[in-house]
Amino acid sequence: VRFVDEFRDAELGRVLAAEILGTVEPGRHYKVMEVCGGHTHTIYKYGVDDLLPENVELVHGPGCPVCVIPMGRVDDGIAVARQENVIFTCFGDMMRVPGGSESLLDAKADGADVRMVYSPLDALRIARENPDREVVFFAIGFETTAPSTALTLLRARAEAMPNFFVFCNHVTIVPPLKALLESPDLRLDGFIGPGHVSTVVGARPFEFIPADYGKPVVISGFEPLDLLQSVHAVLRQLGEGRCEVENQYKRVVPYEGNPAALKVLAQVFELRPHFEWRGLGFISHSALKLTDAFADYDAELRYAVPGVRVADPKACQCGEVLKGVIKPWECKVFGTACTPERPIGTCMVSSEGACAAYYNFGRFAREREVV
Amino acid sequence: MVVLEVRQQGTALCEGDVEVMTDLVGPVEYGDRLLVHAGVALQRLDA
């Protein structure tokens with residue numbers, strides 16, 4: 001398959017691994033954060049980390065949409081789902097995310113009409129097919145997913161749909177990166193930039209990282225060779241004393257992103273003053289809400305939601321995992337009390353979650369091999 | 001995803017029987033390859 005097979009070539013992978021080995025300085029420890037959960041998934045699915053020298057550490061970032069949703073917002077969604085006459089729709093992963101006392105899947109088992117959808121457009125179709133019911137879409141995700149919600153809302157308004165609503169939890173990628181860069185807990189040398197978010201926002205929003213913090217950023221594709229090339233590019237910048245934004249994923253990501261997508265985002269959404277992130281706390285201007293022009297579709301205005309902040313279970317260390325402070329296997333409940341079948345934390349739910357990626361591909365049980 | 005059928009209102013049917021919004025990538029034709037996320041095409045892959 002074009003754009004896939006050539007980026008999974010094992011021999012080329014070994015060549016790149018040798019080049020990476022030749023780039024690093026012995027005795028120096030490198031910490032490179034892969035921002036996107038899709039990258040985390042690829043790294044552990046294909047064992048990309050095993051091809052890296054011992055002194056190159058990949059740190060997982062906050063770019064898994066499901067993982068960063070705080071428990072209180074899950075509870076808010078469940079409260080809406082339990083309203084009479086509501087059909088509550090969400091992506092499949094979101095159904096299993098634990099709230100304060102239950103998940104959406106538990107609520108469904110208890111009688112709430114909760115349905116899994118592939119896209120918000122599916123939710124709009126359900127609204128058309130059920131004019132006597134109110135259909136709510138639980139919108140999550142970064143700038144990659146938000147255009148889909150925005151376009152669906154534009155369609156809903158064009159059709160004057162009276163029974164379609166959005167519970168908006170869309171977040172933006174730059175503010176949490178700034179929060180991480182300001183964190184005293186974490187010393188990072190560079191970033192693997194999020195490929196899919198960048199298809200929308202482009203590379204320019206990441207220029208503050210080299211400009212203000214002196215760290216390289218390489219926007220990366222999602223195949224194993226993409227990631228090896230990107231790690232190599234970060235290390236090469238560090239070795240040459242450079243720091244800039246590079247775009248390894250040029251076959252998909254234009255430097256300026258997708259202007260049409262940015263336009264619909266600006267049309268439908270505005271920044272919230274603040275929003276709670278799991279593990280990162282409240283971050284200013286880090287999430288989206290519907291503009292006044294779309295207030296009629298805003299589930300938070302339509303329904304009473306508890307809006308209560310819920311602390312994570314004491315045993316769960318998703319917060320530290322999301323900040324890259326600890327590795328998944330260092331969490332006290334990883335693989336024992338917390339598994340993909342019975343997750344305690346969000347990072348064990350989504351395939352893009354670091355804990356699920358480790359667990360599903362058996363990395364936690366493997367000894368690291370010396371390259 | 002590969003476009004199998006162009007529909008009205010900026011939508012196309014793609015492989016896997018998935019309806020995709022194509023407003024953000026301009027007019028599409030049968031056989032076009034698109035990067036799709038959550039039911040919306042974000043970029044063309046053959047550009």
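This is a predicted model: local features need pLDDT of at least 70, side-chain atom pairs count only at pLDDT 80 or more; totals for chains, interfaces and linings use all residues.
Residues are numbered from 1 along each chain as its sequence is written, and chains are lettered from A in the order in which they are written. Local features require pLDDT of at least 70 and side-chain atom pairs pLDDT 80 or more, whereas totals for chains, interfaces and linings use all residues, and side-chain values rest on heavy atoms, without hydrogens and water.

The largest pocket has a volume of about 1,400 Å³. A pocket is an open set of points on a 1 Å grid over the protein atoms alone, where a 1.4 Å probe fits, with protein on both sides within 12 Å along at least five of seven lines; lining residues have an atom within 4 Å of a point. The volume is the space filled by probe spheres set on the points, which are joined across faces, edges and corners. Of the 47 lining residues, His196(A), Glu352(A), Leu35(B), Val36(B) and His37(B) are the closest to the centre. Two or more lining residues come from each of β1 (30-36), α2 (37-46), β5 (134-141) and α8 (195-201) of chain A and from β4 (34-37) of chain B. The largest contribution, 5 residues, is that of α2(A). Helices (H or I, at least four residues) and strands (E, at least two) are DSSP runs, numbered from the N terminus.

Asp298(A) lies in the loop between β13 (288-290) and α12 (299-302) of chain A. This residue is buried but has no salt bridge, and the nearest side chain of opposite charge, Lys289(A), is 5.5 Å away. Buried denotes under 20% relative accessible area, exposed over 50%, and partly exposed the range in between (1.4 Å probe, protein chains only); Lys and Arg count as positive and Asp and Glu as negative, with His and the chain ends not counted. Beyond neighbours within four places in sequence, Asp298(A) is in contact (heavy atoms within 4.5 Å) with Phe165(A), Val166(A) and Leu290(A).

Lys289(A) instead forms a salt bridge with Glu270(A), with the closest N and O atoms 3.2 Å apart. A salt bridge is a side-chain nitrogen of Lys or Arg within 4 Å of a carboxyl oxygen of Asp or Glu. Lys289(A) is in strand β13 and Glu270(A) in strand β10 (residues 269-271) of chain A, 19 residues apart. Over all chains, the structure holds 30 salt bridges. One of these joins Glu223(A) to Arg8(A) at 2.5 Å between the closest N and O atoms.
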